[in-house]
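Visitor: I have a few minutes and a new model to look at. Can you walk me through it?
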Amino acid sequence: MTYHPKSEFMRVMMTRGYLADCTDYQALDAALVKGVVPAYIGYDATAASLHVGHLLNIMMLRWLQKTGHKPITLMGGGTTKVGDPSFRAEERPLLTNEKIDENIAGLKKVFGRYLDYSDAPTGAIMLNNAEWLDNLNYLEFLRDIGRHFSVNRMLSFESVKSRLDREQSLSFLEFNYMILQAYDFLEINRRYGCLLQMGGSDQWGNIVNGIDLTRRVLDHEIYGLTSPLLATSDGKKMGKSAGGAVWLNGDMLSPYEFWQFWRNTTDADVGRFLKLYTELAVEECDRLGALSGSEINAAKIILANEVTSLLHGAEAAAAAEATAREVFENGGVGEDLPTVTVSVDEIGEGIGIVQLFVRAGLAGSGKDAKRLILEGGAKLNDEIVTDAGLRIGAGHLADPLKLTAGKKRHALVVLD
């Protein structure tokens with residue numbers, strides 16, 4: 001598409017690779033030039049932390065604010081009780097109200113690192129859709145809102161079709177999710193003048209529903225903008241590592257492990273990730289991404305430092321780099337490495353090496369750990385582990401033990 005945007009926000013979205021689709025490029029661009037545009041992204045509270053998969057959309061909100069507009073972070077206190085069925089093989093487990101509130105408290109920690117929640121005209125606001133969903137009158141909702149939805153059209157959405165094509169059950173509860181999400185957009189427009197909803201491209205159908213509903217009920221013109229669903233160049237889903245999800249909360253994943261995730265980026269992804277996840281100039285991102293050989297490793301360190309500084313602060317990024325250098329270049333044991341603590345009682349006659357690799361997050365399961373050992377990718381104090389049945393006794397832990405998976409992932413085991 002050869003559209004040349006006039007607004008700074010749309011220029012950033014297009015030049016840095018954030019834009020997959022938009023419901024009306026020119027009208028949205030004109031609104032962005034005219035004045036402050038409030039825009040929201042919704043986050044369901046299904047876990048106590050967001051993960052790297054959410055980071056692209058958080059960066060979109062950050063750029064929105066940096067270019068003079070107003071970000072709205074919508075916590076799905078209400079919709080989490082239903083669960084988004086988009087492109088899922090099965091229904092989400094239902095959570096209690098207490099668990100949802102606990103998760104929302106965890107999510108709030110991250111947003112303050114990226115957005116300014118001040119009283120300024122562009123100050124971010126955080127909303128919870130339980131505010132308008134919890135006390136809905138079902139009959140009134142059916143009459144006033146439900147009548148605007150065509151079941152035929154809802155069945156045509158890819159997220160629903162993919163479930164039905166595989167003959168997997170889609171409950172009425174989940175089917176209602178898209179109506180609730182559309183209603184969110186209507187309410188945020190009505191209450192806060194929100195003109196734009198953003199999300200991953202899997203949310204396109206839900207966003208369009210909200211735009212149609214708001215036009216029908218309020219006769220307001222609003223817009224949708226989606227980002228590409230990211231996978232790494234080797235086809236892996238963004239935000240997953242061998243140890244599980246790459247969480248954004250420091251108490252669920254240490255700043256060092258977060259830094260290491262970015263340091264381990266595949267060469268082919270460096271330039272693209274610099275544009276999406278840092279604020280370095282596009283030209284610099286392209287220059288760094290085009291490096292090769294040992295020079296691309298320096299670019300990966302810049303990527304890791306920039307992304308970690310945004311989330312955990314410059315000091316945490318510097319400490320992570322120093323730890324990595326100590327571990328990799330000097331063969332030492334860095335202080336910031338993720339640590340597994342074991343007690344004497346727990347060890348007893350010895351604790352299995354496979355169990356330690358799993359507990360350290362260096363393997364996703366016992367099966368993964370055994371495969372790692374079989375392939376020669378597991379080390380104990382820099383020596384290759386050849387026996388998956390190896391047991392570690394208390395005597396081995398007079399000093400911390402260093403576990404290594406592959407060339408770049410490390411952890412310590414210490415005795416409590």
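Guide: A term to begin with: helices here are DSSP runs of at least four residues, numbered from the N terminus. Keep in mind that this is a predicted model.

Visitor: Okay. Which helix gives the largest share of the nonpolar patch?
Guide: That is helix α6, residues 138-144, with three residues of the patch.

Visitor: And which residues form the patch on the surface?
Guide: Tyr138, Leu139, Leu142 and Phe172. Together they have about 480 Å² of accessible area.

Visitor: Take leucine 139. Buried or exposed?
Guide: Leucine 139 is exposed, because its relative accessible area is 67% and the cut-off for exposed is over 50%. Leucine 139 has its place in helix α6.

Visitor: New topic: rings. How many aromatic pairs are there?
Guide: The count is eight. One of them is phenylalanine 258 with tryptophan 262. The ring centres are 6.1 Å apart and the planes are at 70 degrees, so this pair is edge-to-face. The cut-off for that label is over 60 degrees.

Visitor: Where do those two lie?
Guide: Both phenylalanine 258 and tryptophan 262 are in helix α12, residues 255-263. They are four residues apart, about one turn of the helix. Both are buried.

Visitor: What about tryptophan 262 and tyrosine 277, how do their planes sit?
Guide: Their planes are at 55 degrees and their ring centres 4.9 Å apart, so that pair is tilted. Tryptophan 262 lies in helix α12 and tyrosine 277 in helix α13, residues 270-277, so the pair ties together parts 15 residues apart in sequence. Tryptophan 262 and tyrosine 277 are both buried.

Visitor: Which residues do ring pairs link into a cluster?
Guide: Phe258, Phe261, Trp262, Phe273 and Tyr277.

Visitor: What lies over the face of tryptophan 63?
Guide: Lysine 66 does, at 5.5 Å from the ring centre.

Visitor: Now strands. What is the order in the open sheet of five?
Guide: The order is β9-β15-β14-β11-β12, and the pairing is mixed. The edge strands are β9 (339-342) and β12 (383-384), each pairing on one side only.

Visitor: What holds strands of a sheet to each other, in general?
Guide: Strands pair through backbone hydrogen bonds, either parallel or antiparallel.

Visitor: And how do β11 and β12 run, parallel or antiparallel?
Guide: Antiparallel. Two bridges join strand β11, residues 378-380, to β12.

Visitor: Last one. What stands opposite lysine 379?
Guide: Isoleucine 384, in β12.

Notes
Residues are numbered from 1 along each chain as its sequence is written. This is a predicted model: local features need pLDDT of at least 70, side-chain atom pairs count only at pLDDT 80 or more; totals for chains, interfaces and linings use all residues. Side-chain values use heavy atoms; hydrogens and water are left out. Rings of Phe, Tyr and Trp (its six-membered ring) pair if their centres lie within 6.5 Å; planes under 30 degrees apart count as stacked, over 60 as edge-to-face and the rest as tilted. Buried means under 20% relative accessible area, exposed over 50%, partly exposed in between (1.4 Å probe, protein chains only). A charge sits over a ring if NZ of Lys or CZ of Arg is within 6 Å of the ring centre and within 35 degrees of the ring normal. Two strands pair if DSSP finds at least two bridges between them. Patches are made of residues with over 30% relative accessible area and no salt bridge: like charges are joined within 9 Å, nonpolar side chains (Val, Leu, Ile, Met, Phe, Trp, Tyr) within 5 Å. Accessible areas come from the Shrake-Rupley method with a 1.4 Å probe; for residues, only the protein chains shown count as cover. A salt bridge is a side-chain nitrogen of Lys or Arg within 4 Å of a carboxyl oxygen of Asp or Glu.
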